[in-house]
Amino acid sequence: MILGRRFLRLEDDLRPTIVILMVMKPHRDRVEAKRHIALVAHDNKKVELLEWASYNRDTLAPHHLYATGTTGTMLEYELGLPVQRFLSGPVGGDQQIGAKIAEGVIDMLVFFWDPLEAQPHDPDVKALLRLGAVWNIPMASNVATADFLISSPLFATQYDRVVPDFGQRDWREVAGPDAPR
C-alpha cells in the first residue's frame with residue numbers, strides 16, 4: 001500500500017481531522033492451470049447449472065470443485081466428481097465461499113443467480129459477488145458467460161491475475177507514531 005500525504009481537514013463542526021490518503025498497490029497472483037471453481041445456483045437455476053456442468057464434465061474433471069449445500073450434493077451425484085460442499089447459501093454457504101475467495105483458495109466463480117426473484121439472503125449474494133470483483137476472479141452468472149470462461153484459452157493455462165494488496169491494516173502502523181490513539 002502506498003501512503004499519500006497527510007492533510008488537515010476541518011469538519012462541519014470545525015474540529016480538525018487528520019485524513020490519510022491510501023492508494024492500493026496491486027500485485028500479481030499466480031493461478032495454476034488446475035483451477036479451484038465454485039459452482040453456486042439459486043433454486044430456479046439449479047437445473048440450468050446441472051445441465052451446464054454435465055455438458056462440461058470432462059473439462060471440469062481435473063479441477064477442484066466447490067459448491068453450496070444442495071447444489072454440491074446434486075453436482076456430485078450428477079457428475080460423479082468430488083465436490084467440496086459448504087453450508088446452504090442462506091445459512092452461511094455464500095459467506096464461506098466468499099471467505100475462500102478472499103483467502104485466495106477459490107479462483108473462479110460460476111454463480112447462476114436468479115435476477116427475477118428476490119432472495120432472503122440477498123445481502124450475502126451481493127457480498128459474494130463483491131468479493132469476486134474485489135479479488136479479480138473470473139465470474140459467470142449465466143450459461144453464455146460460463147461457456148466463454150470455460151472455453152477461453154486462459155482457462156487451461158497458468159494465469160497471472162492482478163489482485164489488490166491492502167498492505168498493513170493496523171491503524172497505528174499506517175497512521176504513524178503521532179496519530180491520535
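Guide: Here is a close look at one strand and its surroundings.

This is a predicted model, so local features need pLDDT of at least 70 and side-chain atom pairs count only at pLDDT 80 or more, while totals for chains, interfaces and linings use all residues. Residues are numbered from 1 along each chain as its sequence is written, and side-chain values use heavy atoms, leaving out hydrogens and water.

Our part is strand β5, residues 64–68. Strands (E, at least two residues) and helices (H or I, at least four) are DSSP runs, numbered from the N terminus. Four of the five residues of β5 are buried, so the rest of the structure largely encloses this strand. Buried means under 20% relative accessible area, exposed means over 50%, and partly exposed lies in between (1.4 Å probe, protein chains only).

Now its partners. Two strands pair if DSSP finds at least two bridges between them. β5 pairs with strand β4 (residues 36–41) in the parallel sense, over four bridges. There, H36 stands opposite H64 of β5. β5 also pairs with strand β6 (residues 83–86), again parallel and over four bridges. Here A67 has R85 of β6 as its bridge partner.

Next comes the link. β5, helix α3 (residues 69–79) and β6 form a right-handed β-α-β unit. Right-handed means that, with the strands pointing away from the viewer, the path from the first strand over the helix to the second runs clockwise.

Look at R85 again. R85 forms a salt bridge with E76, their closest N and O atoms being 3.4 Å apart. A salt bridge is a side-chain nitrogen of Lys or Arg within 4 Å of a carboxyl oxygen of Asp or Glu. Side chains of opposite charge can pair when their charged atoms come close. R85 is partly exposed at 43% relative accessibility, and E76 is partly exposed at 25%. The whole structure has five salt bridges. Another joins K46 and D43 at 3.8 Å, N to O. K46 is buried at 13%, whereas D43 is exposed at 64%.

Now look inside. A nonpolar core is a set of buried Ala, Val, Leu, Ile, Met, Phe, Trp, Tyr and Cys residues joined through side-chain atoms within 4.5 Å. The largest has 21 residues, and L65 is one of those with the most contacts inside it, along with I37, L39, L49, W52, L75 and V110. At least two residues of this core come from each of β4, α1 (46–55), β5, α3, β7 (108–112) and α6 (143–151). Helix α1 gives the largest share, four residues. Apart from this core lies another, of 15 residues, among them A38, I97, V125 and L131.

What does L65 touch, not counting residues up to four places away in sequence? Its contacts are I37, L39, L60, L79, L81, P82, V83 and Q84. Contact means heavy atoms within 4.5 Å.

Last, confidence. pLDDT is the predictor's confidence in each residue, from 0 to 100. The protein averages 82, and 72% of the residues score at least 70. Over residues 1–10 the pLDDT stays under 50, and the model gives them 39 contacts beyond four places in sequence. Residues 17–24 are also below 50, with 32 contacts beyond near neighbours in sequence.
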